[in-house]
Amino acid sequence: MTRAHDILRIVRHVYGGNGPLPLHAPVFAGNERAYVESTIESTFVSSVGEYVDQFERMLVALTGAQHVIATTNGTTALHMALLLADVEPGDLVITQSLSFVATANAIAHASAVPAFVDVDLATLGMSPDALRAFLERECERTNGSVRHRASGRRVAACVPMHSFGFPCRIDEIAEVCEAWRIALVEDAAEALGSWRGTRHCGTTGRLGTLSFNGNKVCTTGGGGAIMTNDPAIAKRAKHLTTTAKVPHRWRFEHDAIGYNFRLPNLNAALGCAQLEQLDDFLRFKRALAQRYRAAFTASDIPFVAEPEGTRANYWLCAILLRNEAERDACLEVTNNAGVMTRPAWEPLHTLPMFAQSPRGPLDVTAHVSARLVNIPSGVRTEATT
Ligand SMILES: *Cc1c(COP(=O)(O)O)cnc(C)c1O
């Protein structure tokens with residue numbers, strides 16, 4: 001028996017079932033049908049309707065963010081958050097190379113350039129030490145702003161990401177951003193239901209964003225949200241994501257180049273039903289992670305556990321193999337057996353469109369990216385057993 005077969009056996013044993021196991025399939029066990037049907041009956045499926053407001057209010061209650069603005073997806077939420085953080089064309093935005101491509105795409109959509117720093121092995125999220133080192137080594141303060149010396153670009157913002165729902169060291173990152181006066185925008189797309197201490201992921205920075213894509217903890221089909229505690233930013237977020245229309249019963253007057261980033265009512269209806277089940281989803285996922293942890297630890301296979309002082313949503317459970325060859329063997333054996341597993345993303349600095357981006361040392365990123373495997377982590381129902 002190879003290690004790959006051990007892994008297959010453990011996943012089958014812990015997760016259960018002999019059929020195909022998806023990585024993370026959505027579960028619609030609550031009021032999804034009723035709410036979606038009611039939008040169809042009312043004809044309010046699009047840009048007007050009460051579910052959007054209800055969805056935003058539910059997210060305020062769940063995360064403790066003072067304001068939440070729902071958007072069409074997590075990428076547009078992050079794009080808009082960067083604009084609201086005053087990122088301007090040509091600016092540099094520091095993020096992590098170990099992320100889904102949407103993080104860097106959103107930076108590019110805001111006409112800025114990403115700079116990549118390393119992650120922590122313990123959190124898989126941005127390392128505050130790597131961030132500080134990049135700023136100290138490569139940047140300087142010049143009359144009120146921070147400049148990247150080699151490119152001459154202004155450093156406008158920092159975008160850490162809470163990888164797979166594991167909270168990164170956000171308090172220390174916030175301290176560095178504060179000292180350098182750089183806007184902190186959190187990509188919390190994967191972290192609905194994840195906490196560091198008493199703070200929900202995405203609510204420490206000036207802005208934070210969520211995703212409700214089909215593979216996330218809760219889904220709206222496609223959807224996203226912007227979180228902020230600043231009422232002026234919240235007001236502007238709502239205005240700019242809804243075509244910057246000046247409120248009036250019939251006149252079409254717009255006072256800025258706005259965006260059509262509003263979440264449709266149809267999607268919000270699905271989202272409200274999903275959020276009602278968030279606690280159940282999280283309970284299942286944490287229990288699953290605990291059983292995975294016990295089984296993998298017993299077989300001497302490192303299981304990625306939530307960092308100390310945090311409560312993770314365990315969006316995607318992960319194990320770390322010894323090297324790339326062992327990882328590839330594991331991916332081959334499990335996927336061939338119908339157990340869906342996935343490697344981490346190719347580091348963003350290796351993708352052709354970001355190959356010219358500034359970067360710090362990325363040793364941990366390379367280490368993790370070559371070894372990590374995500375294993376089936378979705379909520380199990382009758383249909384998947
Ligand atoms: C899912 C995700 C997003 C947003 O994706 P959308 O599909 O646009 O909702 C952004 N960043 C990360 C890290 C993600 O995992």
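Trainee: What volume does the largest cavity have?
Mentor: In this predicted model, the largest cavity has a volume of about 70 Å³.

Trainee: Which residues line the largest cavity?
Mentor: His24, Ala25, Pro26 and Val27 are among them, and so are Lys216, Val217, Cys218 and Thr219.

Trainee: How many cavities of 30 Å³ or more does the structure hold?
Mentor: Two. The second largest cavity holds about 50 Å³ of space.

Trainee: What lines the second largest cavity?
Mentor: His162, Pro167, Ile170, Asp171, Arg196, Arg199, His200, Cys201 and Thr204. Helix 7 and strand 9 (199-200) supply at least two residues each. By class, the lining of the second largest cavity has three nonpolar, three polar and three charged residues.

Trainee: Moving to pockets. How much space lies in the largest pocket?
Mentor: About 460 Å³. The largest pocket has 28 lining residues, and those nearest its centre are Phe100, Glu190, Asn215, Lys216 and Trp315.

Trainee: Which elements give two or more residues to the lining of the largest pocket?
Mentor: Helix 4 (74-84), helix 5 (101-109) and strand 14 (342-343). Helix 4 gives the most, with three residues.

Trainee: How many nonpolar, polar and charged residues has the lining of the largest pocket?
Mentor: Twelve nonpolar, twelve polar and four charged.

Trainee: What about the second largest pocket, how much space lies in it?
Mentor: About 370 Å³. The lining of the second largest pocket has 20 residues, and Cys177, Arg181, Ile182, Ala183 and Arg206 lie nearest the centre.

Trainee: Which elements give two or more residues to the lining of the second largest pocket?
Mentor: Strand 5 (145-148), strand 6 (155-159), helix 7 (170-180) and strand 7 (183-187). Helix 7 gives the most to this lining, with five residues. Helix 7 also supplies at least two residues to the lining of the second largest cavity.

Trainee: How do the residues of the lining of the second largest pocket divide by class?
Mentor: Ten are nonpolar, four are polar and six are charged.

Trainee: Now the ligand. How many residues surround the ligand?
Mentor: 15 residues surround the ligand, and the closest are Gly74, Thr75, Glu190, Ser211 and Lys216. Glu190 and Lys216 are also among the residues nearest the centre of the largest pocket.

Trainee: How far is an oxygen atom of the ligand from an N or O atom in the side chain of Thr75?
Mentor: 2.5 Å. For the side chain of Ser211, an N or O atom is 2.7 Å from an oxygen atom of the ligand. For the side chain of Asn73, the distance between such atoms is 3.3 Å.

Trainee: What share of the ligand's accessible area does the protein cover?
Mentor: The ligand on its own has 390 Å² of accessible area, and the protein covers 91% of that.

Terms used:
Residues are numbered from 1 along each chain as its sequence is written. This is a predicted model: local features need pLDDT of at least 70, side-chain atom pairs count only at pLDDT 80 or more; totals for chains, interfaces and linings use all residues. Side-chain values use heavy atoms; hydrogens and water are left out. On a 1 Å grid over the protein atoms alone, a cavity is a set of points where a 1.4 Å probe fits but cannot get out, and a pocket is an open set with protein on both sides within 12 Å along at least five of seven lines; lining residues have an atom within 4 Å of a point. Grid points are joined across faces, edges and corners, and a volume is the space filled by probe spheres set on the points. Helices (H or I, at least four residues) and strands (E, at least two) are DSSP runs, numbered from the N terminus. Ala, Val, Leu, Ile, Met, Phe, Trp, Tyr, Cys and Pro count as nonpolar, Asp, Glu, Lys and Arg as charged, and the others, Gly among them, as polar. A residue is near a molecule or strand if one of its heavy atoms lies within 4 Å of it. A polar contact is a pair of N or O atoms within 3.5 Å; within protein, one must be able to donate a hydrogen and the other to accept it, and residues adjacent in sequence count only if both atoms are side-chain atoms. Accessible areas come from the Shrake-Rupley method with a 1.4 Å probe; for residues, only the protein chains shown count as cover.
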